[in-house]
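Reader: I would like to learn how to read a model of this kind. Where do we start?

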Amino acid sequence: MGGRVQNKESVRLTLPGGFGPECLQEEWDVDIHPQESQTLAFWDTFEWGLWFGGHILYSSGGAYHLCAREGGWLGAALCEERAGTRRRFWRDFETGAMRARLERMLGLRGLAPVAEGTFRLRRCDVRNSVGKIVCRLEWSSVSAGKRRDEDLLHSCRVLPLFGYEAETARVVEHLVRRGARTSGDGPVETLLRHVGRVPRKYTLRPVFGLEMDTPAREALGRIVCAILEIAERNVPGIVNDLDTEFLHDYRICLRKARSVLSLVKDVYPAEDTRRMRKILGDLARQTNRLRDLDVYLLARDEYMGLLPPVLRPALEGMFRDFSTEREREVRRTVSKMRAASTRRLLREVAEYFSPETHHEPSPAAGLPVGALVFRRIYKRYLKIRGIAAGIGAETPDEAVHRLRIECKRLRYLMEFFAELFPKEEGAEMLRLLRRLQNRLGEFNDALVQQRSLMNYWEQKRSGSKIALGVGGLVAVLYRRQQQARGLIDEALEGFCGGSTAAAFKHTFKQPVSN
């Protein structure tokens, strides 16, 4: 018998068509085992969270298998789970090992099939002149779907055995002389490309290729077109209700596109700008209630955990109501998004900002975008400092909400044009701004959730048990709101303090033109 397989030093080769293990029989004895065939269905999220997380998930024979990804190849097996039904989210898996690994990579995203391929494998043992196994080979091919008549790739994995590394190297050299290559896409990558599902990074913060002297209208056109393209990519996921993140990102894109038109004024004709902003606002409002319900249902476990066990059953009815309403709201939203009127409005906005579309002159259209935007950023920062100076323990909630809105607008401006200012300084300013925004968001979320729960109770008036549950939850959320209010002061100090103010002034304050 040969030695133990040394997996860490295995070699993967791509092979010419019609190339088989028989070519090794000129110099070695080769034991060729019967061919195995298996159809694998591969799964990932819209964001390719598994692929870019270095993993591959596939199902076959009634089980899910998670393995490491080695380039475009299936790597080491990590865990598996028998499953009679489809798993959609990480929490649908039952085994602790699978759930723990998937939660980090999937988050709120749902799994969807990305490709199916048939893999055929022949295992071979290569023996030397005295009959010792020096290495093992896994000779494989892949075809799309369940077809067997069109191989997309032939490949081979050479697994050396301890003590026979030199002999294994000779086997690899022999295969390379015959046309094998040690580089190239692996079988999974080849299959994905064949079916048009090449993994690509997804981001809500694309790079727009701006320069300081890029004309403002050209800059805004690039930004809006890129953001609308991301919004369009999310529409199929909303229509098919794959997961809640599609709607979340779609709404963010509409909000960002709408915001940039108000934050950098006079770049397009005023009347056209108002019309585009109205269209974007109307499209977002179509989905308001569905997003609210998503937020409540996503927070279900958290809400339950805030109450003592004796009160938790009282809220079950509320979440059943939310779930039932969500089913209706999904149907309504999907109907709206499939409507010709919605598609026409999205197309109208995209065409308006297309580089080929001619527009009437406007005051800021040809100005260099860098100086224009820097002035807007600095002016908005000063406005935030002014509002922050009036924030105290007795400040009405509405003023805190106004501060949150101004911070959001500033963040959008800085994210849109981040490539124009120094990377390190910009990153630190954005970090402090996001920290402040998170604190303000926690405060606002607790406030909005309280009002929503009270509104639900006013509508239902359905019994003392639910009243106890809702009342208990409102009390906890109020306490959370007060705690968040206390943390806002600390975040304000960091963002509005002397060193940050000096950094904003140094980076963004522009000299007054004569």
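**Confidence first**

Author: The mean pLDDT of the chain (the predictor's confidence in each residue, from 0 to 100) is 89, and 96% of the residues reach 70 or more. This is a predicted model, where local features need pLDDT of at least 70 and side-chain atom pairs count only at pLDDT 80 or more, while totals for chains, interfaces and linings use all residues. Residues are numbered from 1 along each chain as its sequence is written, and side-chain values use heavy atoms, without hydrogens and water.

Reader: Over which residues is the pLDDT below 50?

Author: Where pLDDT is low, the predicted coordinates should not be read in detail. Here the pLDDT is below 50 over residues 1-7.

Reader: How many disulfides does the structure hold?

Author: A disulfide is a pair of cysteine sulfur atoms within 2.5 Å. The structure holds zero. The sulfur of cysteine 67 is too far for a bond, because the closest cysteine sulfur, in cysteine 79, is 9.7 Å away. Cysteine 67 is buried (under 20% relative accessible area; exposed is over 50%, partly exposed in between, with a 1.4 Å probe and protein chains only), at 4%.

Reader: How are the rings of tyrosine 268 and phenylalanine 353 paired?

Author: A pair of aromatic rings is described by the distance of the centres and the angle of the planes. Rings of Phe, Tyr and Trp (its six-membered ring) pair if their centres lie within 6.5 Å; planes under 30 degrees apart count as stacked, over 60 as edge-to-face and the rest as tilted. By this rule there are 22 aromatic pairs. Tyrosine 268 and phenylalanine 353 have ring centres 5.0 Å apart and planes at 85°, so this pair is edge-to-face.

Conventions: Contact = heavy atoms within 4.5 Å.
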